[in-house]
Amino acid sequence: MLYSEKVMDHFRNPRNLGTIDNADAIGEVGNAKCGDIMKMYLKIENGIITDVKFNTFGCGSAIATSSMATEMIKGKPIEEALQLSNRAVVEALDGLPAHKIHCSVLAEEAVKAALIDYYAHHPELEKPAALPEAIHCEDCAHCG
Amino acid sequence: MNHVYADNAATTALSDTAFNAMLPYLKEQFGNPSSLYMAGQKAQEALYQARETVARCLHADPKEITFTSGGSEADNQAILTGAFLGAQKGKKHLISSAFEHHAVLHTLKKLEKQGFEVTLLPVHEDGFVRVDELREAIREDTALVTVMFANNEIGTIQPIAEIGAVCREKGVLFHTDAVQAAGHVPIDVQAMGIDLLSLSAHKFHGPKGVGALYAKKGVRLFTLIEGGAQERGKRAGTENVPGIVGMAAALEEACAGMEKNNLSIKGLRDRIAAQLTKIPHSKINGVPERGLAGTLNMCFEGVEGESLLLLLDDRGISASSGSACTSGSLDPSHVLLALGLPHEVAHGSLRLSLSAYNTEEDARRIIEHVPQVVAYLREMSPVWKDLEEGKRKHVI
């Protein structure tokens with residue numbers, strides 16, 4: 001089997017699937033040319049991610065990593081969400097095939113992209129040190 | 001509920017005829033065809049019969065048939081033969097098409113590194129090589145033309161007889177990878193001017209791990225595997241007797257039932273196509289009327305192929321896709337890209353390939369489930385949302 005039971009579970013029954021109408025932050029990463037795009041919607045109250053939804057165009061692992069990442073940041077403070085690593089997502093899914101690791105990178109970046117968007121709309125808030133300046137699709141080795 | 005197997009271009013179920021033909025050679029008749037005693041001679045006789053059968057199905061002479069481990073080996077051997085024979089006369093130019101199987105393309109790549117020059121003919125939007133473009137591409141130093149008989153992903157049947165005629169006129173060796181065609185469309189190596197032809201048993205309800213290479217009399221094969229006098233020294237190694245016997249039985253059966261089978265397979269395929277093309281922003285790749293009876297390749301905008309396959313599998317349907325994720329590489333299928341499809345559309349492809357074993361009920365279930373799965377994936381696709389909202393332009 002290509003995927004672990006956990007990956008298949010999150011692929012078949014994605015958690016937090018959908019969009020948020022009045023989202024406080026939206027992050028989109030990936031490229032249709034590469035075959036995956038993730039879009040993450042956040043609701044943030046007092047520095048806590050109170051709700052999160054996602055939409056993904058991509059393969060089974062792209063959908064599963066999106067789903068897992070949303071579960072891992074839901075209800076968490078922004079600082080903690082910024083610590084989410086692609087490795088943690090992979091571990092939580094009981095592993096991914098080597099050529100699918102980039103999907104987990106995308107999931108991590110989708111969270112960060114959404115948080116960058118949040119602070120862009122809230123210049124009055126102090127940016128956490130862990131917040132990246134920007135997410136560049138071109139930086140990813142996936143497309144070469 | 002039975003599983004719907006719709007990936008016959010990948011492999012097929014072994015036919016009862018082939019299975020029963022193989023059985024004695026897996027057990028009692030285990031002799032080595034090279035042995036002089038009775039058990040060996042019986043195996044030798046089985047090989048002789050199988051060679052005659054395969055030759056008959058291709059309108060070839062039994063001496064022109066070499067048994068191999070499958071289509072890939074036959075492709076490798078054929079192309080290296082063409083290159084080697086050409087190089088002896090100082091000819092180091094090879095012509096092929098952009099959407100060949102990797103067994104062909106990778107062998108050509110290897111030869112390119114060894115100083116050969118390769119021209120890949122375009123296959124245009126419809127998935128066909130143009131004979132006039134081939135004619136123009138042939139040079140004084142062209143050693144070999146290798147163009148597949150029928151494409152494995154979109155099924156388009158190439159103008160093989162016309163290509164053969166041009167090659168004959170120009171005095172260039174012609175190989176065709178007929179892995180998808182053998183047993184499915186009529187093949188006459190003589191009338192079609194074919195010098196070398198590869199086929200694989202498991203694509204026509206024969207066993208896996210066995211194939212054949214036809215080489216016209218006088219074309220001296222380059223030996224890939226050294227070490228014995230089997231296959232007249234052209235392919236060492238004790239012959240896969242049960243496999244070869246199974247292949248011959250399957251090919252004979254496929255050729256005998258070809259017309260009747262194709263009629264019913266095409267009926268199912270066309271019914272499925274008529275319904276699935278009703279899905280908005282979908283497109284058929286290739287030209288089904290000029291293709292293999294069972295192949296239907298489609299793209300659905302805004303969805304990704306691997307997800308589509310996994311969800312269809314959950315609903316009991318086996319199919320294939322040309323998306324990057326299913327290829328194990330990062331790019332979508334080179335076949336779909338060769339048709340000029342943009343990457344994002346090629347990622348959303350679905351290949352259904354039917355055989356005579358598929359039923360009306362199978363077609364009904366494909367027609368029921370594919371639109372549901374496409375709709376579900378579009379619902380969660382940000383690409384589809386952008387298309388719907390006009391932020392991204394529809395390509396198909």
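A residue counts as buried when its relative accessible area is under 20%. That cut-off is used in the views below, and the model they show is predicted.

**View 1. Helix H9 of chain B is largely enclosed.** Helix H9 of chain B runs over residues 305-314. Eight of its ten residues are buried, so the rest of the structure largely encloses this helix.

View 2. Just after the helix comes B:Gly316, with a positive phi of about 80°.

**View 3. Chain B meets chain A.** Here 24 residues of chain B are in contact with 27 residues of chain A. The size of an interface is often given as the accessible area lost when the parts come together. For chain B and chain A, about 2,000 Å² is buried between them. Carbon and sulfur atoms account for 62% of that area.

View 4. Two salt bridges are counted between the chains. One view to pick out is the pair A:Lys100 and B:Glu306, whose side chains meet in a salt bridge at 2.5 Å, N to O. Ten residue pairs are in polar contact between chain B and chain A. Which helices of chain B each supply at least two residues to the side that touches chain A? They are H9, helix H12 (343-346), helix H13 (360-379) and helix H14 (382-388). H9(B) gives the most, with five residues. By class, this side of chain B has ten nonpolar, six polar and eight charged residues.

**View 5. Two domains of chain B sit against each other.** Domain 1 of chain B covers 16-256, and domain 2 covers 258-388. Their centres, taken over C-alpha atoms, are 29 Å apart. In the contact, domain 1 of chain B brings 29 residues and domain 2 of chain B brings 20 residues. About 2,000 Å² is buried between the two domains, with 58% from carbon and sulfur atoms. On the domain 1 side, B:Glu153, B:Ile154 and B:His205 lose the most area to domain 2. Together these three make up 32% of what that side buries.

**View 6. Polar contacts, but zero salt bridges, cross the domain interface.** How many salt bridges are found between domain 1 and domain 2 of chain B? The count is zero. Ten residue pairs across this interface are in polar contact. Helix H4 (102-113) and helix H7 (241-256) of chain B each supply at least two residues of the domain 1 side. The largest share, three residues, comes from H7(B). The domain 1 side divides into 14 nonpolar, eleven polar and four charged residues.

**View 7. B:Val185 is a buried loop residue.** B:Val185 is found in the loop between strand E6 (173-177) and strand E7 (196-200) of chain B. Is B:Val185 buried or exposed? The relative accessible area of B:Val185 is 12%, under the 20% cut-off, so B:Val185 is buried. Leaving aside residues up to four places away in sequence, B:Val185 touches B:Phe149, B:Ile157, B:Met258 and B:Leu292. B:Ala254 is 69 residues from B:Val185 along the chain, yet their C-alpha atoms are separated by 9.5 Å.

Definitions and conventions. Residues are numbered from 1 along each chain as its sequence is written. Chains are lettered from A and ligands numbered from 1 in the order in which they are written. This is a predicted model: local features need pLDDT of at least 70, side-chain atom pairs count only at pLDDT 80 or more; totals for chains, interfaces and linings use all residues. Side-chain values use heavy atoms; hydrogens and water are left out. Domain bounds come from an automatic or database domain assignment. Contact means heavy atoms within 4.5 Å. Buried area is the accessible area (1.4 Å probe) that two parts lose on being put together, summed over both. A salt bridge is a side-chain nitrogen of Lys or Arg within 4 Å of a carboxyl oxygen of Asp or Glu. A polar contact is a pair of N or O atoms within 3.5 Å; within protein, one must be able to donate a hydrogen and the other to accept it, and residues adjacent in sequence count only if both atoms are side-chain atoms. Helices (H or I, at least four residues) and strands (E, at least two) are DSSP runs, numbered from the N terminus. Ala, Val, Leu, Ile, Met, Phe, Trp, Tyr, Cys and Pro count as nonpolar, Asp, Glu, Lys and Arg as charged, and the others, Gly among them, as polar. Buried means under 20% relative accessible area, exposed over 50%, partly exposed in between (1.4 Å probe, protein chains only).
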